[in-house]
There are 2 protein chains.
Amino acid sequence: MSKSPQAFPHQVAIVGAGMSKFGSFPEKNSRDLFIDAFQSMRSSIDKGLDPRDIEALYLGNFSSDVFEGQAHTAAVMADVAGLTPCPAIRVEDACASGGVALRQGVLAIAYGIYEIVLVSGVEKMSNLPTDKVTNALAAAGDISYEIPSGFTFPGFYAAMTSVYMHKYKLQTEDLMRVAIKNHQNGSLNPKAHLGITILDMMNKRIDSAKKKGKPIPLWENEWDFLRDDQANPMVAWPLRLFDCSPITDGSASILLVSGEIAKQFTDNPVFIIGSGQASDCPLHDRSDLSKIRATSKAAQIAYETAGVSANDIQIAEVHDCFTIAEIQATEDLGFFEQGTGYKMVEEGVTTRDGRKPINTSGGLKSKGHPVGASGVAQAVEIWEQMRSEAGARQVTRDIPLALTHNVGGTGQTCVIHIFERRY
Amino acid sequence: MSKSPQAFPHQVAIVGAGMSKFGSFPEKNSRDLFIDAFQSMRSSIDKGLDPRDIEALYLGNFSSDVFEGQAHTAAVMADVAGLTPCPAIRVEDACASGGVALRQGVLAIAYGIYEIVLVSGVEKMSNLPTDKVTNALAAAGDISYEIPSGFTFPGFYAAMTSVYMHKYKLQTEDLMRVAIKNHQNGSLNPKAHLGITILDMMNKRIDSAKKKGKPIPLWENEWDFLRDDQANPMVAWPLRLFDCSPITDGSASILLVSGEIAKQFTDNPVFIIGSGQASDCPLHDRSDLSKIRATSKAAQIAYETAGVSANDIQIAEVHDCFTIAEIQATEDLGFFEQGTGYKMVEEGVTTRDGRKPINTSGGLKSKGHPVGASGVAQAVEIWEQMRSEAGARQVTRDIPLALTHNVGGTGQTCVIHIFERRY
């Protein structure tokens, strides 16, 4: 009886987008980060914005109650940004919270509920010790079955990697290639948390050892560095430290308006023409760990809504919480055949000047992963790339269509958006 | 620039509604409670439901991450109810989470995003010790300023009560009248947590003392009981224990469908014709603590959307987290003049057979307050009353229009819905 996906009745235009610096900021709370992103978004609006015109705030946030002891997070943010009495709604779907908040805003504009909506995401994670962050993140799994059996999130994705390796002959070096590429992109992103190439990171460590008169590591290149159990320790076999996204503080915001009034804000909008979201069972109930079904399902809905196919997409920001996740995503989205995603990385297809650039921002891996903000920050990267404002990491050709892909937990939630630039 | 409220383009029909028993259930987690409510809702649908037809789940939940260590709550519930791959979205706005989830579902139907939506709320609170629950609830306040200064939620509402007393000469007995009335209603609600009148509670204590050979309390009536510092201890002056809603486990669900297809499910639907939501600053920034501004703002929007006024409403479920909150709500909603709400309680206007019955379910005070579920459970009561299915607590006249009022925190969020029965 479900309706099949149909084109949006109203055009959805992004007219502003911005983000805070991503990183570890002991002196900032989530309000500070939210305001940083909000001001960055505001200053990106070519013709300005009166915040009192905002009709609703959808805020992606995973767990400010656990991380900071602050819930009711959307209303708190609406107040600090001067948006009251506008409705403020916090949306939580684990690490897909930002993308799901974006979807609420997109649907609200697309179906005429509102004309001007703020979508934001925020997460302040670095104030807790790492083991407590790991526990907080475990709440995105199934705490009745999976977590008591000893799983953590690196463990979940390690299990997926093992199955993928067995099935498709992936080697650990294939994972490292994803990390190397994303750090190359992230090194060109001034907002990135780990905005440095792995080679530069290696050289810094060598320099530091020299200065301190310590034994100088015998790394000849980044591969030696990544294979070194000291420099890149095993977290959950076969995933090492540099296969994992970092624990990051950050926020991102975008302003969505109805296409009819977009010109009041900018002559250069980016449109969202498709959105899809799907849910799935927990990992332990799935028949195949080598892929994420919710990605394929959400993608199908998004493509049908937009009236495009995977091949039409020029660039994509995908959910690389772990290196394996990027490879799986590019397959589940239909960019590449199942089992071939890692070969495309090796062939350079997914680099900035490749045929299908993936995670030009640096991705969650290098840009950072403040979980509730990540899905919104992906849209910020697409906005910058489509408007040719991505600076040193700008893709050097037209980008009529792009995609963002945001995953919650082990893939119990997936949400996808499709962006259009009209040249 | 904001659009003024307008009638919904599509009719929004409730075709099923149900709830779990509210109470303290050490053996149940939030999944169990959710399934109890889901099955109760399903069995209320006159012509049946195939769960696979549900297009989206909006779940109100305040803090399952803190209470149970389980986040990603909406996807988890979608899985246990067999709803995957439908989009599952958790909505958090403190104690208004359920009402705000309801609003997302209502708007989705009203504007044609979906045709069949499940709205649920769930909270499992009683597994933590009371002081930890108090801390978890404090996260709904402003943790940068208010909580470090020593406020808890009883403290917030005590401050509001003090101001109200000073301004409008309310006495503590006026608060007790709200508790007495709501327990009378709740004693007729088989799903209520504290489904007993205060008089019966007093008599049970007397009987228990007699049986145990202990000194027999000298209470002659419920007033003696409520004024007794042992039986009804002070929590935060002037609020005593029986001015506070309990810590409750529970869940509630309603099925919303487009008016065009309502007849596929029932010949006896209830319609939602108005919805309003507003945010406000934290309590410490407000100029007047005797009222909740967000209630008035949200009500104005809901009334305008529905094309009705406060006087047109026959019954209402309002957010009586504390007795004072019910009195404030009936004024802020425009039912009674500011400063006169407590007099209307005294005059019996708000009893079941009064001119404006308030909280026929027993309210949060007696029915219980599983915070993320409360806003949805309010709609369940309206459904039963409007369909004349409320049993012993049925209001004995036609109810063409009703209202629900759900508050987050100290009123930083308020969300209101208006219901219509077409006779």
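**Salt bridges and the A–B contact**

Me: Which residue does Arg227(A) form a salt bridge with?
Reply: In this predicted model, Arg227(A) forms a salt bridge with Glu173(A), with the closest N and O atoms 2.9 Å apart.

Me: Where do Arg227(A) and Glu173(A) lie?
Reply: Arg227(A) is in helix H9 (residues 222-227) of chain A and Glu173(A) is in helix H7 (residues 172-186) of chain A, so the pair ties together parts that are 54 residues apart in sequence.

Me: Is Arg227(A) buried, partly exposed or exposed?
Reply: Arg227(A) counts as partly exposed, at 39% relative accessibility. Glu173(A) is partly exposed too, with a relative accessible area of 23%.

Me: Which residues do salt bridges that share partners join into one network?
Reply: Asp46(A), Arg387(A) and Glu389(A).

Me: How many salt bridges are there over all chains?
Reply: The structure holds 44. Between chain A and chain B the count is four.

Me: OK, what about Arg31(A), which residue does it pair with?
Reply: Arg31(A) forms a salt bridge with Asp142(B), the closest N and O atoms being 2.8 Å apart. Arg31(A) sits in helix H1 (residues 30-43) of chain A and Asp142(B) in the loop between helix H5 (130-138) and helix H6 (153-168) of chain B, so this pair joins two chains.

Me: Is Asp142(B) buried or exposed?
Reply: Buried, with a relative accessible area of 2%. Arg31(A) is buried as well, at 10%.

Me: And Glu92(A), what is its partner?
Reply: Glu92(A) forms a salt bridge with Arg90(B), with 3.0 Å between the closest N and O atoms. Glu92(A) is in strand E3 of chain A and Arg90(B) in strand E3 of chain B, so the pair joins two chains. Glu92(A) counts as buried at 0% relative accessibility, and Arg90(B) also counts as buried at 0%. The side chains of Arg90(A) and Glu92(B) meet in a salt bridge too (2.9 Å, N to O).

Me: How do E3(A) and strand E3 of chain B run?
Reply: They run antiparallel, joined by three bridges. Val91(A) has Val91(B) as its bridge partner in E3(B).

Me: How many residues does the contact take from each chain?
Reply: The contact takes 65 residues from chain A and 64 residues from chain B. The area buried between the two chains is about 4900 Å², with carbon and sulfur atoms giving 48% of that.

Me: How many residue pairs are in polar contact between chain A and chain B?
Reply: The count is 30, both residues being at pLDDT 80 or more. On the side of chain A that touches chain B, H3(A) gives the most, with six residues.

Note on methods:
Residues are numbered from 1 along each chain as its sequence is written. Chains are lettered from A and ligands numbered from 1 in the order in which they are written. This is a predicted model: local features need pLDDT of at least 70, side-chain atom pairs count only at pLDDT 80 or more; totals for chains, interfaces and linings use all residues. Side-chain values use heavy atoms; hydrogens and water are left out. Contact means heavy atoms within 4.5 Å. Buried area is the accessible area (1.4 Å probe) that two parts lose on being put together, summed over both. A polar contact is a pair of N or O atoms within 3.5 Å; within protein, one must be able to donate a hydrogen and the other to accept it, and residues adjacent in sequence count only if both atoms are side-chain atoms. Helices (H or I, at least four residues) and strands (E, at least two) are DSSP runs, numbered from the N terminus. Two strands pair if DSSP finds at least two bridges between them. Buried means under 20% relative accessible area, exposed over 50%, partly exposed in between (1.4 Å probe, protein chains only).
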